[in-house]
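Let's take a walk through a protein together, one part after another. Have a look at the sequence and the structure, and then read on.

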Amino acid sequence: MSNPFHASRAASAGASPLSFNLHLLAPALLAVALAAGACRPRDKEPPQAARALREFTGAYPLEARPNGTVRSFDIVAEPTEVELVDGQKLRVWAYNGQVPGPQLRIRLGETLRVRFTNRLPQETTIHWHGVRLPNAMDGVPHTTQRPVQPGETFVYEFTPKDAGTFWFHPHVRSSEQVERGLYGLLIVEDTAPPPYSRDVVWVVDDWLLDETGQVFPRFNTRHDLAHDGRWGNVLTVNGRTDTVLRVRPGERIRLRLLNSANGRVVMPDFSGLDAKLIAVDGLYLREPIDPAGFELAPGNRIDLDITFNQNLAAPLPIVDRFSARRPNVLAHITTEGEPVTPPAFASPARAHVPAWSEGLHVPEHHAFRLNARRGGPFGIEWTLDDKAFAGHSAHHEPALTLTSGRFYRLRFVNESARLHPLHLHGMFFRLLARDGTPVEEPFFRDTVLVHGNESVDIALVPTDAGSWMLHCHILEHAEAGMMTLIAVRAP
Ligand code: C2O
Ligand code: CU
């Protein structure tokens, strides 16, 4: 395979020494980083784990640093009608009457306060995907909060620990609520944002519309469950099939992409442009890399740094090539207007991302087996270790209990032939290997696509105590059981 995100890559020459990265950190961050180094390795920890933990020091802050500014937003979820797919009237469920929902933008250090009102015919919650926040704000019904009933209001308030591209969506009947249009972006800007000419967001969604042009009203069908979830027949970027990004020659833009689809994976092709991948799932990379081959699975975000050095001869289609035989045009980019001088600044992708090259030598803490079987309310159940999650309202013992501040290697063994983009709430992890072959990704993730019959090794250091969900982000698989809880406790 030629895809660098699949095949093992040659050891990265860019694995910067720790000292180099540390001096780039702000002094305040450094203090936190040094504090992290103070947590002592336990006796029973193998030396590789102790070294991995030291290498993690300074990767991202352990605590939020609220600067006192509170940014307040009102969000209402309710059924409405929007002109979505090219002017056609579509009945949706929307946040503040728009799909995609509102874009919440704050700066790192600011506190987000969202007064959320539910005007849906069902209970719901808001989950803040990818955000390291206090467990009580994570939006998981019955685990971190009571579900918000129709007519009720709930206030979410937290200070994100990380800058980056995040998103929010319901965690109740997600395969229906997200598909009907409930999702929005939370962008946490750096304290001093890099001076891009423009900051552009593309939300990719995939809709299954029926012959009347409305959202196909049957969810969690046997077909969806037996396959990779609900794949639709209309692909939109920012709610349209005809999105065009018009830039001036010389502009340098930051393009943030989110895949908010229930099941569809996309692999956007930016070849022909001077495009660099600078962030994945919110966090900056160790160094900018070529985005070619990145599989943007449901839940994933990527940020690109694109400089338009020259005029494009014609509108450039950005094509999804996840299925080589069935490519899809996502949107177009054109250059027009007076040229500008490209803003010159160093790439913000210079985070301290541990290589964890010895990570695979640390004994695995647990191997999850991913599979399906007959049974359950939908006729097919998706399982983790032969257990199907019986819905949020049932009582669940955590599948694992981890201690914050320790290094863990986990493995996912896909015993099925289907795709499973696995997502872990409240923490980041690094992909170590696919099918036992080391993978050198210079970035953290919160969601990783596990292919059919593939095994995947990840490593992580939990930072926040609480009950955190681990689940497939193919929302039909999650609804049919592929979810579990991971408890993190303070040392
Ligand atoms: Cu975006 Cu529990 O998910
Ligand atoms: Cu799955």
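Two strands are said to pair if DSSP finds at least two bridges between them. Strands themselves are DSSP runs (E, at least two residues), as helices are (H or I, at least four residues), and both are numbered from the N terminus. What you see is a predicted model, in which local features need pLDDT of at least 70 and side-chain atom pairs count only at pLDDT 80 or more, while totals for chains, interfaces and linings use all residues. Residues are numbered from 1 along each chain as its sequence is written, chains are lettered from A and ligands numbered from 1 in the order in which they are written, and side-chain values use heavy atoms, with hydrogens and water left out.

Let's begin with strand β12 (residues 252-259). Seven bridges join β12 to strand β16 (residues 301-307), and the two run antiparallel; here Leu257 has Ile302 in β16 as its bridge partner. Eight of the eight residues of β12 are buried, so the strand is largely enclosed by the rest of the structure. Buried means under 20% relative accessible area, exposed over 50%, and partly exposed in between (1.4 Å probe, protein chains only). Arg252, Arg254, Arg256 and Leu258 point one way from β12, whereas Ile253, Leu255, Leu257 and Asn259 point the other way.

Next come the nonpolar cores. Such a core is a set of buried Ala, Val, Leu, Ile, Met, Phe, Trp, Tyr and Cys residues joined through side-chain atoms within 4.5 Å. The largest has 113 residues, and Phe270 is one of those with the most contacts inside it. Strand β14 (residues 274-280) gives the most to this core, with five residues. Leaving aside neighbours within four places in sequence, Phe270 is in contact (heavy atoms within 4.5 Å) with residues including Trp202, Leu255 and Leu257.
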